[in-house]
Amino acid sequence: MILARLRAAAPAPVPPLADVGAWYTARARGEDAAQRLARFTRAIEAARAEVHEASAANWRERLFAVAAAKGVRTLLIGATAAGAALEAENAGRLKIVRYDKPIETWRDELFAQIDAGFTLARGAIAETGSLIVWPSVAEPRLISLVPALHFVLLDARTIHADLHSAISSENWPANLPTNALLISGPSKTSDIQQTVAYGAHGPRELVVFVLREDA
Amino acid sequence: MKPETIQLTPTEAFTARSRAVLADAQKRRSFRGAMDFLQEKRRAQFPDADEFEGLRDLCEALRRESLAQLPRLLEELEQKLIANGVKVHWAESADEANAIALAIARAADARLIVKGKSMVSEEIGFNHAMAEAGIEALESDLGEYIVQLAGEGPSHIIMPAIHKTKGEIAELFAEKIPGTAYTDDVDALIAIGREVLRRKFAVADVGISGVNFAVAETGTLCLVENEGNGRMCTSVPRVHIAITGIEKVVAKLAHVAPLYSILTRSATGQPVTTYLNLISGPRKEGELDGPEEVHLILVDHGRTQAYADAQLRATLQCIRCGACINHCPVYARIGGHAYGTTYPGPIGAIASPHFFGLAQTWPLVFASTLCGACGEVCPVRIPIPDLLVRLRAEAVAPEGPALRGAGAAASAPASAVWSAWALVYRNAGLYRFVTWLASRGRRFFPKAQGGWTRARTPLIPAAKRLRDLIKDRKRK
């Protein structure tokens, strides 16, 4: 019925097709990876995230140090190589919990007993300071949402200039997971008298470790 | 809130509500402050006028393109969503949309529904329908949670509790949330809301969300938010129901990039929101969380009426940023509740007549100075002032095209006055005579001229007409 009514409507003059790609191409900045990293860092720090540059060799120690400074006792990880590396080097400093069972079987524990979550970022966006996080079988959706602190590991080489370039160069339409996210800072709200407050429903803090080959 | 009854907006009620706000200095200060703040934040996001105009052109073209192909895109969206494992429902009316949601909730044996922000759910009176069926529907966006606690509706589409001061919210929390001491510290208030709602997310059976963009190409529902409650509602409960108007579809995923950018910058003056949540299906085999069922309810509720008219169709270009509201001098003075409908301000005035009929909403299309600010800031260039003028004509002219409630504002005296006016202005001799009569009889004009003199000096013709003044000058 709804479709029939829409089809019966007088056809509007077809507008010229918008060329979204051309808009972004014309505005491309020709930045190199370091410039994109700098722009990403400025933008996400403006949204109250912490960014630490690190190397493949030292990011885990950096993470343990930040976790200790913030009083983290329990850390939730997925089934990733990076998570396993954290477990291997933990040496009893944190209680590391693997997200390896369906949410239904441990919902209360997840909400009540986990201080921090750790995920990988698939990439990032320089223009808006956004992390691209694609939850998966290995890294379920709630690791990046329920714990009050979210640690993210980002490879500096995967930072795109803008969202359009991420979507088109990685061919997202053919590869989208059931849930894909852009995360651009800790959870926040301005619903009380336009005053920004962090930690509305999701993480209160977002800490990004950026892997640089030259760091 | 049953839409067909509460949404009733007889002009007396609208006027009375507006006057009540105008008489409240505290409310007026707080609206003015909020509007100035939002206008300034938005302005700071568009420092480069060329970039802004270019992006507007692009986004307007994308929205018009989507609407031009709407039936085809909706079919493509449905097919892609079904292939992704999402169940798609079509609802002609508010009642039908609620009945569909209720059937899903009952099948899920739901007692508690947690809701992310959804203006369409407000539009269809969702919470009321669930309450009648004995199911609690709890708002989880902090602004919506505050107004629900207060027993009110949102007064702004983006900032639902914009009419409340932190002191009022502090009192509300202390009174309504057991075990809460009075505090007007914003961080503490947010922390209280967070704790209450977290306990609810963990036990809710069904999550509700709106949709900002529905991508036909991929069958993806895009949700834009800062708080994370939208992600909670769409990730934790076993069943997720998304409710949206049929106009929210876009053709390609890549189209979301510019639309998302212009939306957040126009709405709250943020370069980006904390979360962009792209949902393309329920929990897949092997995944450990996410809803087992995802439903999309596509709501018409009068949208096809706007679509059928080549001019009024532009109403459906809207991406619900609220910039027109934030720049409206009328909204800034009377606030959202005075309008009495789900959508206040200019967008509410042009959209509500299609959802609820002109008979109940016509005063809203007259509640504008036609200053044009709404049209100037609209990121998708909806010609809002033109649409207001058109709807005014429809409201008084029953012979117009088939708009529900057209002619509801028609009045025989008014129409007689305008007919006489037209007659006088078409006939030079008659015009001369009438203006002569008026200038000579000016002392007979009443000092009290109804609504006009409530806030203005009375209209009294000049002692001498322009033609008399010119005649005098020539004589000298």
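B:Phe14 is buried, with a relative accessible area of 8%, in what is a predicted model. B:Tyr339 is buried as well, its relative accessible area being 1%.

## Aromatic pairs

Counted over all chains, the aromatic pairs come to 16. One of them joins B:Phe14 to B:Tyr339, with 6.0 Å from centre to centre and 50° between the planes, an arrangement that is classed as tilted. This pair links distant parts of the chain, since B:Phe14 belongs to helix α2 (residues 11–22) of chain B, while B:Tyr339 sits in the loop between α16 (329–334) and α17 (345–356) of chain B, 325 residues apart. Through ring pairs, B:Phe14 and B:Tyr339 are also linked with B:Phe31 and B:Tyr331 into a cluster.

## A stacked pair within one helix

The rings of B:Trp421 and B:Tyr425 have their centres 4.3 Å apart and their planes at 25°, so this pair counts as stacked, the cut-off for stacking being planes under 30 degrees apart. Both residues lie in helix α21 (residues 412–426) of chain B, where four residues, about one turn of the helix, separate B:Trp421 from B:Tyr425. B:Trp421 is partly exposed, at a relative accessible area of 43%, and B:Tyr425 is likewise partly exposed, at 49%.

## Arginines over ring faces

In chain A, A:Arg122 lies over the face of A:Trp134, at 3.7 Å from the ring centre. In chain B, B:Arg313 is placed over the face of B:Tyr307, at 3.7 Å from the centre of that ring.

Note on methods: Residues are numbered from 1 along each chain as its sequence is written. Chains are lettered from A and ligands numbered from 1 in the order in which they are written. This is a predicted model: local features need pLDDT of at least 70, side-chain atom pairs count only at pLDDT 80 or more; totals for chains, interfaces and linings use all residues. Side-chain values use heavy atoms; hydrogens and water are left out. Rings of Phe, Tyr and Trp (its six-membered ring) pair if their centres lie within 6.5 Å; planes under 30 degrees apart count as stacked, over 60 as edge-to-face and the rest as tilted. Helices (H or I, at least four residues) and strands (E, at least two) are DSSP runs, numbered from the N terminus. Buried means under 20% relative accessible area, exposed over 50%, partly exposed in between (1.4 Å probe, protein chains only). A charge sits over a ring if NZ of Lys or CZ of Arg is within 6 Å of the ring centre and within 35 degrees of the ring normal.
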